[in-house]
Each structure stands twice: as structure tokens, then as C-alpha cells.
Amino acid sequence: EKGGYDYFMLKEIAEQPRAVADTLLGRIDAAGSLSLDEVRITASELREMDKVVIVACGTAFHAGLIAKYAIEHWTRIPCEVELASEFRYRDPILDPRTLVVAISQSGETMDTLMALRHAREQGAKVLAICNTNGSTIPRESDAVLYTHAGPEVAVASTKAFLTQLVACYLVALYLGQVRGTKWGDEIQAVVRDLSHIAGAVEEVLGTMEPVRDLARTLADKDTVLFLGRHVGYPVALEGALKLKELAYMHAEGFAAGELKHGPIALIEEDLPVVVVVPSPRGRSVLHDKVVSNIQEIRARGARTIVIAEEGDEAVVPYADHLVRIPVTPTLLQPLVATVPLQVFACELATARGNEVDQPRNLAKSVTVE
Ligand code: F6R
């Protein structure tokens, strides 16, 4: 049932190109318009929305953080992202013009369920992004967009995360379409980029051997730090979460720009630091800032593990280890940049003798608050 892989996690990592493609399938017609028929909130209701609030936990929360960039960029609607467990207890401001998006692989996470119940009590509409048909969260939502990752068995979320991202991009495009900030051609262009991404994920998967070799050499380390900017920041958080839960190592993700406000004090000789580098094309100012960050930490002794686009030569002199990812549009980069971090955590867990599919103290679906 593990399809020849040692762990479900490895199988699920390998299934990601398919999962991404399946989640896109049939959701865009030939004219480039999105018709998400599982979304039963009317277009006129959506046009009235003046705020999007995303609630989720763990890895799904990281998908939400990335979604914020796409939603605000493509729709110009303000978007907040909040941990479901914090949301309800701070008396959030909600009304019928707030679209709450609840992201959950299992559809049974109690914190997320309680957040959506609270939102609906306040009159907000809730759209669920979920991987499990007929589970509680979609049943209690006003609308649902299912991810088609297929069953995810390993406790650590991998393919569900990538499909959550795809679903979030679709929601962002759909909102843009009904509100008139994104139209046919543009939507088709993004969708085309998205469908190429499945191939790019496949490509990354084919180049992971050096990442595995590197991970094995770090098995006796205590700490690994992760840095990113823009959409690379949530990717850094996700890389750190994977490492904590699988390798039981101290791992933290930081926004690269925050380094000088504190975290740089942690840098010491030979400390592994993974850096997710934005594309040098487009908003190259972000790229250049991250390259300076790499220089700064390396000058203080860090062992830099750099995840950068194919053809990005500026990073080469400062990378102790260089992991190449295919050229992708900035907003979509998390779909490829996350993959090496999943492989890295999985291999470190194996090297440390941990149970990959069933990490200690964790459950696949957290049905208590
Ligand atoms: C991390 C992980 C958890 C879940 C979180 C939410 O790998 O699996 O952080 O992402 O418990 O679970 P769902 O998506 O089922 O609501």
C-alpha cells in the first residue's frame, strides 16, 4: 500500500505533481473562467465582500499565509490570516461582508471548526478548503472547495499542503473574476502557469538526491534555522514545522528582514540556515535583499543551504549548499520551494531513527481544542 516506498510520507511527496494537477482539473473552462460549482455563495454576495479572513492550524495555516499574498495582489481585498485557535478568543470583527476561508486537510480539526462556527454565528460566510469529502468542516460551511490530494496517511502534511495552495490560488482568481479585477486572459495565463507547475514539481522531485545526502550529514545538529521573504517566509515556517515534527529538532522560520531585529544573534559557527530565495526576475529588490541576508549570516559562520531559482548566479558565491528549483512566477514559487524542505525533514527524521509516518505525540487529525 506504500507503493514501493519506505514510508507513506515519501509516497505522498512523490504524488504531489498528480495531486496539484487533479486539484486544478475541470475548474476552468475554455474561456478561462472559473466556475467553482461547489462554491454556493452567490457572485453578488462575493462582490459585496470587503474582507477575507483565513483561519487554519499548522501546515494549513502556512497555506493561508501564502494565500494572503495572492488574494490581496489579485483582488485588492484586504485579507487577514489567523491561527484558528487564536481567532475566536479575541472577539474578531465579522459581518456578512466578511468571507471566512477555513483551510483543513482532515475537515475535523476542532480549533478550525470552532473558529468557523464562531464566524457563522457572527453572520460571516464561510468557505471551506478541505481534502476530506463529507467531513465536519465542509458540512458546516456555506461553501466548499475540495482539494483532490487523495487520502493523506502520513501525519506530516505534504501533498495536502500543495493542493491547499492550488485551491487558495483558485479562490483568489475566482474572487478576482467576480469582482472584476482579474479576467479571462489573465486568469488563463495564471492557470497556464499553474498547470506547468505540476511539471515543475515533478522536475524538483527528480533532483532531490543531494538534499537527502546533505540531510544525513546534519543528523547530529541541534538547530536549523529557515529564512524567507514575501511568499518565501511562510515556506520557511513550513520547513521549520516539518523539521520539528519529524526530526524532533529545534527549528525556527524567520522573515529574512527580521534577522537584524534579533534572530541574527543566534547565528554561530556551522549553524545550518536554510534560505528560500525569491526569483531574481520581477521584484528583484526582494531577491537582492535576501542575497545580502545570506552574506550577513555567512560572514558570521552560518552554513548556508540556499534554495534558489535555476539560473540565479548571484547566490552561488554565498551558498555552502545550493538547491535549484525551476523558474516560476513569484506567487507560485511556494509550490516548488516547499518540496526540498519536505524531503530534507523526511530524510533527517530517517537518519535520526525516528518514525516518519507517525511522529511521537502527534495525531493525524486533532479533534480536541
Ligand atoms: C503538519 C500537520 C499539522 C496540520 C494541522 C491542521 O504537518 O500536519 O500541522 O496541518 O493539524 O490539520 P488539518 O489540515 O487537518 O486541519
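Mentor: Ala, Val, Leu, Ile, Met, Phe, Trp, Tyr, Cys and Pro count as nonpolar, Asp, Glu, Lys and Arg as charged, and the others, Gly among them, as polar. Residues are numbered from 1 along each chain, and side-chain values use heavy atoms, without hydrogens or water. The model is predicted: local features need pLDDT of at least 70 and side-chain atom pairs 80 or more, while totals for chains, interfaces and linings use all residues.

Trainee: Thanks! How many charged residues are in the lining of the largest pocket?

Mentor: A pocket here is an open set of 1 Å grid points, taking a 1.4 Å probe, with protein on both sides within 12 Å along at least five of seven lines; lining residues have an atom within 4 Å of a point. The largest pocket has 25 lining residues, with Cys57, Gly58, Thr59, Lys364 and Val366 nearest its centre. By class, nine are nonpolar and 10 polar, and the charged ones number six.

Trainee: Which side chain has a polar atom 2.5 Å from an oxygen atom of the ligand?

Mentor: Let's go through the polar contacts (N or O pairs within 3.5 Å). Ser157 uses a backbone N or O atom, 2.9 Å from a ligand oxygen. The side chain of Ser104 places an N or O atom 2.6 Å from a ligand oxygen. The side chain with a polar atom at 2.5 Å belongs to Thr109.

Trainee: And how many residues of the shell around the ligand are polar?

Mentor: Among the 13 residues around the ligand (a heavy atom within 4 Å), Ser104, Gln105, Ser106, Thr109 and Glu245 come nearest. The shell has four nonpolar and two charged residues, and its polar residues number seven.

How values were computed: A polar contact is a pair of N or O atoms within 3.5 Å; within protein, one must be able to donate a hydrogen and the other to accept it, and residues adjacent in sequence count only if both atoms are side-chain atoms.
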